[in-house]
Amino acid sequence: MHTQARRYLALKRLIEDYNAGQSYLSGLGKEDLDRISGWLDETELFLKIAVMVAYKHLVVPTVQASLGSFTGGRIPLRVLSMRDDEQDVRTRIQENVGEDEHIVNFLRKQGVALTADDNPLIPDRILDKIWDRSGDALKPVVTGEEFRKLFYRKPAALLHFSEDLIRKSMKIGVEEGRWYALDGDRFYDRKNHVQLNASFTSTLQLVIADSEEGKGLRARFYCPKCGNRRSECTCESMAVE
């Protein structure tokens with residue numbers, strides 16, 4: 001591979017010097033130039049295949065308990081090794097599939113990454129594995145900005161290559177009644193979840209529905225007598241208030 005790399009650089013330099021009008025190449029004809037260009041293309045293809053076929057080691061965060069306990073905020077890592085055969089590489093080159101896309105697809109197959117084509121994480125998993133805790137209890141309130149960061153801090157969230165997936169997870173939690181959303185004086189629950197702008201801001205708050213804060217938030221926006229929104233309530237008790 002080292003020899004082929006040197007050959008590629010030498011042929012590439014010849015083409016560049018010829019195009020620049022270097023006098024030492026003035027005797028080259030079109031047939032000679034075509035032959036050199038053909039060699040260059042062959043050598044470039046060889047190098048592409050050699051690089052793409054070579055082993056790649058990808059280091060990803062993990063939650064495997066077998067890797068031992070880590071303190072001080074450190075997260076255990078594991079190494080994934082990928083290797084392709086030459087025919088697969090040639091096919092990807094012909095189909096113009098970049099290495100970045102290939103690596104993402106590999107990570108998806110390994111079950112450690114999600115893209116826009118995948119389903120978002122469900123609320124149960126988020127609350128059980130990802131949501132921040134205060135002691136043994138779930139933190140009752142997180143901002144939209146904090147919610148987004150959870151997916152990049154917690155290995156159980158996997159590698160997210162699309163923030164739209166995170167937004168979908170946020171809205172699904174509201175739709176299923178697992179948490180409420182409060183943006184200024186606008187309150188969102190399963191009745192109006194479609195109107196929620198799932199933004200990653202510090203003004204948007206997500207409140208665990210069955211927490212004391214969540215129950216208090218619901219009482220703030222719902223009539224305890226008829227169960228309707230206070231803005232829609234016609235109870236006499238609410239009229240007095």
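Which residues cover the two faces of S8, and are they buried or exposed? I looked that up before anything else. Trp179, Ala181 and Asp183 sit on one side, Tyr180 and Leu182 on the other, and all are buried. My cut-offs: buried is under 20% relative accessible area, exposed is over 50%, and partly exposed is in between (1.4 Å probe, protein chains only).

**Ground rules**

I'm working on a predicted model, where local features need pLDDT of at least 70, side-chain atom pairs count only at pLDDT 80 or more, and totals for chains, interfaces and linings use all residues. Residues are numbered from 1 along each chain as its sequence is written, and side-chain values use heavy atoms, with hydrogens and water left out.

**Overall**

I got nine helices and ten strands for the protein. Helices (H or I, at least four residues) and strands (E, at least two) are DSSP runs, numbered from the N terminus. Of the 241 residues, 36% count as buried. I then checked contacts (heavy atoms within 4.5 Å). Among those with a separation of 6 or more, 57% are between residues 24 or more positions apart. The protein exposes about 15,000 Å², with 49% of that supplied by carbon and sulfur atoms; the areas are Shrake-Rupley with a 1.4 Å probe, and for residues only the protein chains shown count as cover.

**Back to S8**

I counted five buried residues out of five in S8, so the strand is largely enclosed by the rest of the structure.

Next I went for the partners, where pairing takes at least two DSSP bridges between two strands. S8 and S10 run antiparallel and are joined by five bridges. Alanine 181 stands opposite leucine 206 of S10. On S9 (residues 186-188), I found three bridges to S8, also antiparallel. There, leucine 182 has phenylalanine 187 as its bridge partner. S8 and S9 make a hairpin with two residues between them, and glycine 184 in the turn has a positive phi of about 70°.

I noted another glycine with positive phi: glycine 111, near 75°, which follows H4. In H4 itself (residues 99-109), the buried residues are His102, Val104, Phe106 and Leu107.

**The core**

I looked for nonpolar cores, meaning sets of buried Ala, Val, Leu, Ile, Met, Phe, Trp, Tyr and Cys residues joined through side-chain atoms within 4.5 Å. The largest has 25 residues, and those with the most contacts inside it are Ile126, Trp131, Phe147, Phe151, Trp179 and Leu206. Elements giving two or more residues to this core are H5 (123-130), H6 (144-153), H7 (163-175), S8 (179-183) and S10 (204-208). H7 gives the most, with four residues.

Not counting residues up to four places away in sequence, Leu206 touches Trp131, Pro140, Val141, Val142, Phe147, Met170, Trp179, Tyr180 and Ala181.

**Salt bridges**

I used a side-chain nitrogen of Lys or Arg within 4 Å of a carboxyl oxygen of Asp or Glu. The whole structure has 17 of them. I opened three.

- Aspartate 164 and arginine 167 meet at 3.4 Å, N to O. Both lie in H7, three residues apart, about one turn of the helix. Aspartate 164 is partly exposed at 46%, as is arginine 167 at 30%.
- Aspartate 32 and arginine 35 meet at 3.3 Å, N to O. They are three residues apart in H2 (residues 30-53), so about one helical turn separates them. Aspartate 32 is partly exposed at 27%, and arginine 35 is partly exposed at 36%.
- Lysine 139 pairs with glutamate 146, with closest N and O atoms 3.7 Å apart. Lysine 139 is partly exposed at 28%; glutamate 146 is partly exposed at 30%.

Where does aspartate 17 lie? I found aspartate 17 in H1 (residues 2-19). At 10% relative accessibility, aspartate 17 counts as buried. Leaving aside neighbours within four places in sequence, aspartate 17 contacts Gln22, Tyr24 and Leu25.
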